[in-house]
Amino acid sequence: MRIKVNAVADSERFPESVDVIVIGGGIIGTSVSYELAKQGVSVALFEKGVIGGEQSGRNWGWVRQQNRDLYELPMAIRSLQRWDELSREIGLDLGFSRQGITYGTQSESDLARWEAWGKQAQQIGFVSHLLSAKEARDRIGNSSPWVGGVWSPSDGRAEPSLAAPAIATGAKNLGAFVHQRCAVRGLDVSGGRVTGVWTERGLVKANRVICCGGAWSSRFLKQYGIELPSANILGTAFKTTAAPEVIKGCLSTGGLCIRRRQDGSYTVALSGRGQIDLAPQNIRYATKFYPMYRSKIAKKLKVRINGSFFNGPEAAGSWSNQGVSPFEKIRTLDPAADNGIVQEAMQALVQLYPQLNGIKVDHAWGGWIDTTPDLVPVIDEMNNLPGLFIASGFSGHGFGIGPGAGLLCAQRVNNKPLFTDMTPYSLARFAKGQAIREPQMM
């Protein structure tokens with residue numbers, strides 16, 4: 001793989017039956033498995049590749065509440081609390097620390113938008129600090145013509161290479177079954193409800209199944225007549241060589257985004273830059289994505305057609321539970337980085353901080369981001385197929401809000417009191433005839 005993630009040991013025993021099965025070993029799947037195991041629920045986590053091998057190990061590593069969609073903010077707030085607690089509970093390093101996040105802008109409209117958002121966020125329980133032009137210059141450490149910014153000191157960062165593997169290990173230590181390179185081919189359905197899953201190693205019985213398959217979820221669910229509008233967007237990021245500290249936490253300048261890493265290097269990316277590969281799935285849902293495509297969020301996305309039209313998470317075609325599935329044919333989505341984006345981002349980094357002149361690219365990678373039309377995830381139970389739950393479509397926000405989403409999903413699956421209303425995450429909001437909300441804050 002183009003990234004490195006900590007290895008997780010599989011469970012010694014393969015289960016015949018459990019209470020809950022979780023499909024997908026990213027940050028969402030590992031978090032919900034951990035929370036269920038902590039509640040005393042018998043749970044099995046199946047991952048077709050390795051834990052954290054796809055987007056959960058490829059993201060920027062930001063853990064933020066600032067500039068979240070207000071629908072996501074309660075989950076983000078609870079998630080930051082869980083990030084604080086998890087290392088102590090599990091006894092493993094997730095690379096998490098509250099170093100703060102800074103946004104700087106040269107646009108008055110950005111500043112007005114952040115101010116309006118901040119007033120609404122404060123009513124929900126989150127407080128950030130609007131920065132003047134001088135305060136933005138001082139905090140960013142650069143004399144560019146900033147008109148202002150925003151600073152959220154309680155936000156943090158974590159290491160994608162550590163987090164999902166540590167949480168999966170924590171779940172296993174609490175009794176959860178964890179099995180990698182073991183794809184779930186399909187659901188076992190009896191009497192109109194879910195009764196287990198068919199894996200490549202055979203049938204495992206359960207009366208509740210949670211699909212946390214990220215970029216693969218929509219294709220998996222379509223086998224059962226469930227329409228999850230999703231478009232996978234290819235993002236690029238890279239790790240630098242070790243360099244002087246110019247910012248402690250995370251920084252966004254509207255284009256350039258950087259995070260200081262534990263080893264003294266930086267993770268670097270360009271906000272909003274990426275590509276969409278035309279494929280049957282995103283063509284099928286194109287009309288639902290019209291509000292996003294016309295927004296400034298999607299202005300810098302490139303569109304292309306290639307082999308993924310016929311093979312991959314957005315391709316067409318069905319398979320049987322007894323045959324080789326698409327999930328076994330592609331164990332890990334491991335796309336190459338866009339070298340043009342890498343070069344542009346590196347130039348922007350050195351231009352912003354001349355003291356980093358001489359910094360190099362250690363390695364770069366691509367990652368597929370499963371995206372919904374309004375950029376808000378789906379966390380829901382399927383009434384037409386009782387026992388099936390979805391936690392997917394996190395639109396590039398899943399790493400930061402993963403522990404909170406895992407807790408919320410576990411509460412719902414286990415019929416516990418919910419820490420926030422789940423209505424904004426309902427799949428029904430994308431039903432035919434429903435107006436689709438234009439994406440809000442990223």
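Lysine 239 is buried in the predicted model, with a relative accessible area of 11% (buried means under 20% relative accessible area, exposed over 50% and partly exposed in between, with a 1.4 Å probe and protein chains only). The side chain of lysine 239 meets that of aspartate 263 in a salt bridge with an N to O distance of 3.2 Å (a salt bridge is a side-chain nitrogen of Lys or Arg within 4 Å of a carboxyl oxygen of Asp or Glu). Because lysine 239 lies in strand 13 (residues 231–240) and aspartate 263 in the loop between strand 15 (256–260) and strand 16 (266–270), the pair ties together parts that are 24 residues apart in sequence. Helices (H or I, at least four residues) and strands (E, at least two) are DSSP runs, numbered from the N terminus. Aspartate 263 counts as partly exposed, at 47% relative accessibility.

This is a predicted model, in which local features need pLDDT of at least 70 and side-chain atom pairs count only at pLDDT 80 or more, whereas totals for chains, interfaces and linings use all residues. Residues are numbered from 1 along each chain as its sequence is written, and side-chain values use heavy atoms, with hydrogens and water left out.

A further salt bridge is formed by the side chains of glutamate 344 and arginine 273, at 3.0 Å from N to O. Glutamate 344 belongs to helix 10 (residues 339–352) and arginine 273 to the loop between strand 16 and strand 17 (274–277), so this pair ties together parts that are 71 residues apart in sequence. Salt bridges that share partners also join Glu35, Lys38, Arg82, Glu85 and Glu89 into one network. Glutamate 344 is partly exposed, with a relative accessible area of 35%, and arginine 273 likewise counts as partly exposed, at 25%. In total, the structure holds 25 salt bridges.

Within helix 3, aspartate 110 and arginine 113 are three residues apart, about one turn of the helix, and their side chains meet in a salt bridge of 3.4 Å, N to O. Aspartate 110 counts as buried at 15% relative accessibility, while arginine 113 is partly exposed at 34%. Helix 3 spans residues 108–124, and its 17 residues reach 25 Å from the first C-alpha to the last, close to the 24 Å expected at 1.5 Å a residue (the expected span is 1.5 Å times one less than the number of residues). Besides Asp110, the buried residues of this helix include Leu111, Trp114, Trp117, Gly118 and Ala121. Their cover includes helix 2 (73–90), strand 4 (101–105), strand 5 (129–131) and strand 6 (148–152).

Eleven of the twelve residues are buried, so helix 1 is largely enclosed by the rest of the structure. Among these buried residues are Ile27, Ile28, Val32, Tyr34, Glu35 and Leu36. Glycine 40 follows helix 1 and has a positive phi, near 85°.

Glutamine 411 is located in helix 11 (residues 398–413) and counts as buried, at 11% relative accessibility. Not counting residues up to four places away in sequence, glutamine 411 touches Gln39, Lys416, Pro417, Leu418 and Phe419 (contact means heavy atoms within 4.5 Å).

At the surface, Leu278, Ile283, Val303 and Ile305 form a nonpolar patch with about 360 Å² of accessible area together. Patches are made of residues with over 30% relative accessible area and no salt bridge, like charges being joined within 9 Å and nonpolar side chains (Val, Leu, Ile, Met, Phe, Trp, Tyr) within 5 Å. Accessible areas come from the Shrake-Rupley method with a 1.4 Å probe; for residues, only the protein chains shown count as cover. Isoleucine 283, placed in helix 7 (residues 280–284), is partly exposed, with a relative accessible area of 45%.

Overall, the secondary structure comprises eleven helices and 21 strands. Buried residues make up 60% of the 442 residues. The accessible surface of the protein comes to about 17,200 Å², of which 49% belongs to carbon and sulfur atoms.
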